Amino acid sequence: MSVKTFIRTCHLPVSVEEAFHWHERMGALERMIPPWMPTEIVERSGGIYNSDTIVLKTKISFVTLKLKMLHQNFIANKQFEDIQLIGPFKSWKHKHLFEKIDEKKSKITDHIEYALPMSSILNMFGKHFVEDKLNRLFTYRHRTLKNDLFLHAKYSQEKLKILITGSSGLVGSNLVPFLRSGGHTVLRLVRTPIALSENDCVYWNASEKKFINPELLDGVKAVVHLAGENIAAVKWSDSRKQVLKSSRVDFTKDFCKALSALQSPPKTFVAASGIGIFGSRDYDDILHEDSKLGEGFLAQLAKEWEASCHVAAEAGMRVVNLRFGSILSLGGGVIKKMYTPYRLCLGGPFGTGRQMMSWISLTDVLGLILFSLTNSSVVGAVNAVAPHAVTNEQFSELLAQTLDRPSSLRIPEIVVESLFGEMGRELLLSGQNAKPLKATKNGYVFLHAHLHDAFTYCLGN
């Protein structure tokens, strides 16, 4: 049996104790899974301690794989190890080795020994395939680990009990493990009774507009409200607009009333909003949180959405409305939609390409949410965008360049309007040049301030 070795080391901005403790917490494994490798945790027994096991189902290219891993050789603050019991390799052993540098710095070394199932052809050609996959995987893992540890070291000194709505969406599904791996206790608001069997779920009865098991909310200090139907899922008919409004404005009012009626309401309410609240603006119109609001369906929807949070403010909660720009992640949103066309050399700007795109990496979305939860000086509207907006044409060119593809196919306005109607005009042909004035003034440090950095990270380059 020909055993191959893969070794990667990463320096971390925290003590060895905190780095190791992060790996012990729930959510750590989920944070290490890249968006291009969809993985389901089928079964889990324990964590990273001796004899703990985990069963995973993952997809590589068009192949679905099932893996069962066993943890062993656990030494606190030093190491733990996982070996394959069931999976695609003939053998697999992954050592996670931790080393102290000083009181506030450490490093982790991932040492992997593996053997492919057939020693002839696969060992000749499969080695390079596996090494390429491992290099991309651990580049992503180490970047994520450093980012998460930095954010938690800066903003997670106080551990909170937090309720999250919209936990199955792009932001929510990443926020839950992010907060848990930082030591916070997370509850998820759900609408299906089957989830009552899970002790982290609070059930919302939509017809009665109340919590079914409100006792779980005892001690909840903060809420992150992300629920709302997908703006870009389908073309905007009158009925679709009503669904979008109901899922945001009407539900937010009911939800805030139910929170206010609790014996001990949360102290902080962080809610999603969007920079579409500014309407369509010229590329040289710089937009801060106190800039004049705009017109159009999205602008009106966002205005009413933010206004519906006043119920929480009247109950004494500190309300933060995060006006998200285009969120960049291969797991969803604009990048997921553009990725395949660009890989097929079918990408390019929309219309003139001069419309401004205010964007933000998913990493900074998570960071800004945590920052807003823990910084009492942040109140009201916050532009949740990176400091440097770009034109749609610049965005398109850099995305194509990152993927090593051309960006020569311009999509005319008439095509966008005929395909997507009002939604196309407001989402694809309109623009806003927003600046995160309040976030930066209050001390938030962007991890991906420039578009190139965000693309490099989220595309795994």
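Visitor: Which residues does phenylalanine 395 touch, not counting residues up to four places away in sequence?

Guide: Phenylalanine 395 touches Leu328, Ile335, Met338, Met357, Val390, Leu451 and Phe455, where contact means heavy atoms within 4.5 Å. This is a predicted model, in which local features need pLDDT of at least 70 and side-chain atom pairs count only at pLDDT 80 or more, while totals for chains, interfaces and linings use all residues. Residues are numbered from 1 along each chain as its sequence is written, and side-chain values use heavy atoms, with hydrogens and water left out.

Visitor: What makes a set of residues a nonpolar core, and which members of the largest one touch the most others?

Guide: The term denotes buried Ala, Val, Leu, Ile, Met, Phe, Trp, Tyr and Cys residues joined through side-chain atoms within 4.5 Å; buried means under 20% relative accessible area, exposed over 50%, and partly exposed in between (1.4 Å probe, protein chains only). The largest such core has 38 residues, and Leu134, Phe395, Leu399 and Phe455 touch the most other members. Among the elements that give two or more residues to this core are α3 (121-155), α10 (392-402) and α13 (451-458). A second, separate core of 37 residues includes Ile360, Leu366, Tyr444 and Phe446.

Visitor: Why are β8 and β9 called paired strands?

Guide: Strands pair if DSSP finds at least two bridges between them. Strands are DSSP runs of E with at least two residues, helices are runs of H or I with at least four, and both are numbered from the N terminus. Within this pair, isoleucine 164 has arginine 188 of β9 as its bridge partner.

Visitor: What makes the crossover from β8 to β9 right-handed?

Guide: The chain passes from β8 through helix α4 (residues 170-181) to β9. The crossover is called right-handed because, with the strands pointing away from the viewer, the path from the first strand over the helix to the second runs clockwise.

Visitor: Which strands are the edge strands of the open sheet?

Guide: The sheet has eight strands in the order β11-β10-β9-β8-β12-β13-β15-β19, with mixed pairing. Its edge strands are β11 (210-211) and β19 (380-384), each of which pairs on one side only. Strand β19 pairs with β15 (residues 318-324) in the parallel sense over five bridges, and valine 320 stands opposite glycine 380 in β19.

Visitor: How is β8 covered?

Guide: Strand β8 (residues 161-165) is mostly covered, with four of its five residues buried.
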